[in-house]
Amino acid sequence: MSETLPQIVLVGRPNVGKSTLFNRLIRSNRAITHDRPGVTRDRMEGVVRRKSLPPFGIVDTGGITLNAHAAVVEGPEGIRGFESQILRQTEAALASAAAVAFVVDGRDGLLPLDEHLAAHIRRKGLPTLCVVNKTDGMEREDEHLAEFHCLGFPLLAVSAEHGHNINALLEELVALLPAGHSAAPPEPPALRLAMLGRPNAGKSSLINAISGEERMIVSDVAGTTRDSVDVRFQRDGQEYVFVDTAGIRRRTRVTDRVEKYSVNSAIKSSTKAHVTLLTLDATEGVSQQDKRLIDMLNTRKTPFMVLVNKCDLVPRDALERLKKNVAGMLAFCSHVPLLAVSALTGRDLQKILPLARKIREECGVRIPTGQLNRAMEEALARNQPPVVKRARAKFFYLTQAETEPPTFVFFVSDAERVPENYVRYLERILRKIFGIVHAPLRLHLRSSHKKKER
Ligand code: GDP
């Protein structure tokens with residue numbers, strides 16, 4: 001069965017964690033041990049199956065380890081023998097492989113044997129991902145990755161033992177496989193929305209108009225806070241939930257009109273949602289609190305859109321002025337979309353949910369490292385970094401560290417030499433190349449010169 005699937009070979013020196021990784025990847029799909037005539041070592045083969053991904057075979061050349069150790073004790077001669085053993089084993093596995101996961105140890109750093117193996121793998125011309133194992137946290141991840149750049153493979157930091165970044169690894173491995181094995185679209189989960197805005201802006205009218213007849217009010221089970229009331233509905237096969245609608249809907253008494261429009265509780269709701277909708281009242285313009293909220297949402301990298309409601313009540317030119325005004329406030333987050341709507345007439349309400357889906361989708365984007373680095377080369381070629389303090393920063397490598405929001409890390413010779421406007425240029429060009437239009441995005445620069453001098 002696994003014979004018909006494309007196979008990815010795990011290659012690496014002993015003890016880098018190949019078998020732990022292998023076991024992580026195959027989960028319960030038990031490994032079969034093959035004793036191949038003519039090949040002295042066992043190969044572990046298994047099938048990687050995940051709901052949202054096409055299956056593929058995986059081969060662990062880890063069996064080498066035992067005999068390799070035996071060879072090592074023979075002394076210096078043995079070490080040479082040991083290397084050639086690995087190469088021979090690797091050779092056998094590579095012969096039928098579709099791609100290679102070259103595993104290195106982030107804690108040990110780059111060893112001569114890694115370079116030796118890398119050179120050998122490179123000559124095969126197979127799609128290869130360098131998997132930097134034993135990295136568990138972001139800070140250390142960057143450090144650990146830096147020195148493996150010189151191998152010339154796209155890198156991904158993982159921890160086989162702790163399961164860190166394993167989903168990203170699966171996606172990147174599938175991306176290495178020949179066309180026709182690309183990822184099937186995963187089942188969409190309920191899209192959670194938070195509706196923010198000051199009292200009377202039209203939040204409940206909008207929720208009612210958007211969710212329509214099919215809506216279901218879902219209160220939390222007794223005993224929990226009454227403030228958590230969700231409105232759940234379906235549209236075009238997609239499930240949606242407006243979270244925390246209690247404060248919005250329960251407004252019967254006049255005192256409730258002076259309902260606190262607390263930035264804090266607004267933020268709290270938005271953290272429960274995938275996408276936040278900030279509603280402004282076209283007849284009232286933008287309040288101080290709206291501004292603070294926009295600032296806050298922006299610094300927190302919250303995916304959000306701005307709705308200017310009650311458009312039916314203001315003349316066209318006034319609406320245009322207001323839109324300009326709001327766009328000005330969004331200057332530092334120009335990716336945030338702005339819609340002029342009316343809960344009363346239904347104007348442009350049909351654009352809201354597709355836009356929310358688009359934002360959500362963009363937030364989850366995961367770009368294979370190879371593509372990222374081609375994009376970086378293109379960005380540098382079009383517009384090279386400026387000279388700062390008589391030198392230009394060198395850009396070594398680009399990697400995606402996180403999704404939600406997409407977070408990209410540039411490894412550079414000296415981050416201090418990269419001015420803010422160049423970072424903004426890089427953001428613009430990444431957005432353009434990868435079609436990340438409305439989602440927030442983070443860019444980090446990491447200097448790796450210190451590492452190099454060591
Ligand atoms: P909330 O406090 O933000 O939930 O605001 P409501 O949804 O209760 O709306 C406040 C008032 O504005 C109500 O009288 C609504 O009928 C009215 N309203 C809401 N949206 C619109 C709109 O698009 N156009 C007009 N003309 N009135 C609206």
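Buried here means under 20% relative accessible area, exposed means over 50%, and partly exposed lies in between (1.4 Å probe, protein chains only). The model is predicted, so local features need pLDDT of at least 70 and side-chain atom pairs count only at pLDDT 80 or more, while totals for chains, interfaces and linings use all residues. Residues are numbered from 1 along each chain as its sequence is written, and side-chain values use heavy atoms, with hydrogens and water left out.

View 1. Strands (E, at least two residues) and helices (H or I, at least four) are DSSP runs, numbered from the N terminus.

**View 2. Strand 1 beside strand 4.** Two strands pair if DSSP finds at least two bridges between them. Strand 1 (residues 7–11) runs parallel to strand 4, and 4 bridges join them. Look for L10, whose bridge partner in strand 4 is D60.

**View 3. Two cysteines, C333 and C363.** C333 counts as buried because its relative accessibility is 2%. C363 also counts as buried, at 4%. A disulfide is a pair of cysteine sulfur atoms within 2.5 Å, and by this rule the model has 0 disulfides.

**View 4. The protein chain as a setting for the close-ups.** The chain's secondary structure comprises 16 helices and 19 strands. Buried residues make up 50% of its 454 residues. Taking contact as heavy atoms within 4.5 Å, residues 24 or more positions apart account for 71% of the contacts with a separation of 6 or more.
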